Amino acid sequence: MKIRTRFAPSPTGYMHIGNLRTALYEYLIAKADAEGKFILRIEDTDQKRYVEGATEIIYKTLKRVGMNWDEGPDIGGDFGPYVQSERKTLYAEYAHKLVELGGAHYCFCSKEEADEEKDEEQNIKFEDPCKKLSLEDAKRRVAAGEPYVIRQTINKQGKSKYHDEVYGDIEIDYDELDEGVLLKSDGFPTYNFANVVDDHLMEITHVVRGNEYISSTPKYNLIYESFGWTPPHYVHVPPVMKDAQHKLSKRNGDASFQDLVAKGYLPEAIINYIALLGWNPGNDEEIFSLDELKKIFSVERLNRSPAIFDIVKLTWMNGQYIRKLSEAEFLDYARPYIEGSLKRKVDIQDLCRVLQPRLETFGDIPNQIDFLDEVPNYDNELYVNKKMKTDEAMSKTALELSLSRLETVSDWSNDNLFAELKALAEENGMKNGQIMYPVRIALSGKAATPGGATEIAVLIGKAETLQRIKTAIEKLS
RNA sequence: GGUCCCAUCGUCUAAUGGUUAGGACAUCACCCUUUCACGGUGGUAAUAUGGGUUCAAGUCCCGUUGGGAUCACCA
């Protein structure tokens with residue numbers, strides 16, 4: 001069987017992490033099959049929620065992570081159009097056909113009337129009086145121009161059963177199913193209907209979606225049944241949570257894909273991390289490229305319980321990816337963050353070399369390098385370091401010694417500076433750290449910096465180095 | 001409230017009914033080291049709960065508790 005999956009987002013202007021993970025699983029399921037197809041369909045049947053430019057965000061995100069679709073609104077395909085609003089008349093045709101087949105009926109009740117009659121607390125369902133209308137009568141009223149919706153008809157008794165690839169066999173009583181609207185009074189279909197029609201017409205073999213659809217799936221199966229269509233394989237996946245109680249959502253202001261990228265997370269790391277939220281490879285490995293995931297992904301190893309999105313672990317993983325970057329790649333990513341926050345001209349390659357091994361996100365760069373422009377106010381207490389065995393008085397001596405030595409140095413390379421200061425320590429019967437540590441503090445004013453004393457000296461240059469040491473000596477006097 | 005789903009370290013997770021319940025992040029300690037990181041070594045830390053089935057239960061069954069979902073002319 002040729003596998004066909006679809007990613008069917010509604011264009012609400014935001015690609016959240018749970019959505020992206022669903023797309024990833026859909027993509028991986030399709031690509032496990034050499035001939036599998038991953039389809040992009042835009043579900044814009046709710047005109048009220050449409051956001052301008054939202055489709056572009058979807059395109060951009062999918063492309064950025066390398067999840068290329070085989071059919072979609074922009075590239076077409078044999079089953080188009082791939083935007084639901086462009087398929088409006090199609091749904092209406094099928095909806096009327098479903099009425100003829102007995103799977104649905106015309107309903108003339110207003111939304112208010114329907115709402116009034118039911119009571120969720122007391123579990124009283126809406127009993128549609130229009131169900132009793134004869135088809136002829138209903139058709140007459142429709143022809144007369146009376147506003148109407150098409151509502152699903154559910155007369156079955158007993159339990160509905162279906163198999164889910166993740167959750168196993170699901171049984172739900174037909175009594176629990178409500179006769180939802182399939183075609184709205186504005187002529188647009190609801191998700192419930194458009195989805196079934198499209199998934200069938202587009203020959204989708206595996207429907208992958210959030211597990212909130214588990215209990216409504218029997219309704220969709222009823223529609224397939226009325227039309228005489230074969231239902232797809234269902235793969236319901238658990239939600240991605242913000243914490244134990246809440247899903248990740250736009251309303252909570254939770255991070256979206258684009259937010260994370262803006263903070264300096266690599267798309268590859270994000271994909272890798274979210275693949276592992278609800279799925280595992282069955283061994284202890286956890287760093288995977290998209291290509292590797294394609295090879296090893298399997299529905300059988302999908303989890304049933306919700307997973308909390310842990311930014312701390314993503315951050316760690318991002319650090320792993322940053323470390324694997326080549327020097328040139330790292331520089332490309334880091335450059336805007338460096339140039340955007342640093343006034344002083346430094347050798348960007350030298351800077352990148354000290355930055356790359358200790359960065360977890362590119363967004364950390366400004367805080368890490370701010371001292372290069374200007375030494376922040378600091379307390380002389382910083383010179384007191386137990387491990388380095390330094391105190392203020394010793395540091396002052398170390399700085400004076402370093403100053404006079406460095407004034408004579410012309411080869412301002414890291415290797416040479418390190419050799420000079422190391423020799424200086426030796427000559428004075430001091431440990432390396434007793435020279436290096438005070439110098440680093442004098443140059444940076446910070447307890448922790450990317451790079452050590454000599455690396456910083458190289459970055460800011462000889463003149464600035466000597467100046468900062470002089471200032472520090474005065475501060476210690 | 002009805003129905004459905006879920007339940008292993010703080011977090012993500014592994015474990016054909018038989019393991020000292022494993023790994024990763026986080027955390028702690030140590031090593032490395034010109035600071036901090038990186039890297040390395042080690043430690044703390046979990047089967048929600050009560051019954052049952054079984055020689056043997058994290059694993060199977062039932063109850064309880066806790067959490068989530070759903071019950072829209074939203075998807």
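Mentor: Strand E4, residues 149–152, pairs with E7 in the antiparallel sense over two bridges, where strands are DSSP runs marked E of at least two residues, helices are runs marked H or I of at least four, both numbered from the N terminus, and two strands count as paired if DSSP finds at least two bridges between them. Within this part, Ile-150 stands opposite Leu-183 in E7. The model is a predicted one, in which local features need pLDDT of at least 70 and side-chain atom pairs count only at pLDDT 80 or more, while totals for chains, interfaces and linings use all residues. Residues are numbered from 1 along each chain as its sequence is written, and chains are lettered from A and ligands numbered from 1 in the order in which they are written.

The pair belongs to an open sheet of three strands in the order E3-E4-E7, with antiparallel pairing. Strand E3 (104–107) and strand E7 (181–183) are the edge strands, each pairing on one side only. Neighbouring strands of the sheet are turned by 45° against each other on average, direction ignored, with axes being lines fitted to C-alpha atoms, for helices over the stretch in contact, and angles running from 0 to 180 degrees between N-to-C directions. Helix H3, residues 88–100, packs on this sheet and touches E3, E4 and E7, its direction making about 105° with that of E3; here a contact means that two C-beta atoms, placed from the backbone, lie within 7 Å.

Now to the whole. Chain A has 19 helices and 11 strands. Its radius of gyration is 32 Å, well over the 23 Å that the globule rule gives for 477 residues, so chain A is more spread out than a compact globule; the radius is taken over C-alpha atoms, and the rule is 2.2 Å times the number of residues to the power 0.38. Along the principal axes, the C-alpha atoms of chain A fill a box of roughly 105 × 45 × 35 Å. Among contacts in chain A with a separation of 6 or more, 74% are between residues 24 or more positions apart.

Finally, RNA strand B is surrounded by 69 residues, the closest being Tyr-191, Ser-305, Ala-307, Arg-358 and Gly-452, where a residue is near if its C-beta atom, placed from the backbone, lies within 6 Å of the strand. Helix H17 (432–444) is one of the elements that supply at least two residues of this surface, and H17 gives the most, with five residues.
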